[in-house]
Amino acid sequence: MKARTKPVEVEAVQWRGDNRDDFIAFFSDATFVWGDALAVHSPSEGYHFARPGTWFVRTAHLGVSTMTDAEFLNDYNATLGQYYGTRF
């Protein structure tokens, strides 16, 4: 038998290096260290580190994870709605 996973809707924001407001909205309870790389600490989501181009993806069951641009574009399609810092 072949099976396909159910579609999963996610919230995502891509760190571009200049979109701080998008990250403040995405992580409502976080502390940030801004620079060439981004460091995020959220009590509810843990620690995350990124360089420009990295996607932060939030799912209902898995919390926040990071993905490269290629991984994100391979795994997800844009849908209508609110996007933080995306290029869609």
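In this predicted model, strand 5 and strand 6 (residues 63-67) pair in the antiparallel sense over five bridges. The two strands form a hairpin, with three residues between them. Strand 5 also pairs with strand 1 (residues 11-14), again in the antiparallel sense, over four bridges.

**Bridge partners**

**Burial of strand 5**

- Strand 5 (residues 55-59) is largely enclosed by the rest of the structure, because five of its five residues are buried.
- In a regular strand, side chains alternate between the two faces of the sheet.
- Both faces of strand 5 are covered.
- Trp 55, Val 57 and Thr 59 are buried on one side, and Phe 56 and Arg 58 are buried on the other.

**Tyr 76 and its surroundings**

- Tyr 76 lies in the segment that follows helix 2 (69-75).
- Beyond its neighbours within four places in sequence, Tyr 76 is in contact with Val 10, Val 57, Thr 59 and Met 67.
- Two of these contacts, Val 57 and Thr 59, are among the buried residues of strand 5.
- Tyr 76 and Ala 12 are 64 residues apart in sequence, and their C-alpha atoms are 9.9 Å apart in space.

Methods: Residues numbered from 1 in each chain as written. Predicted model: local features only at pLDDT ≥ 70, side-chain atom pairs only at ≥ 80, totals over all residues. Heavy atoms only, no water. Contact = heavy atoms within 4.5 Å. Buried < 20%, exposed > 50% of the residue type's maximum accessible area, 1.4 Å probe, protein only. Pairing = 2+ DSSP bridges.
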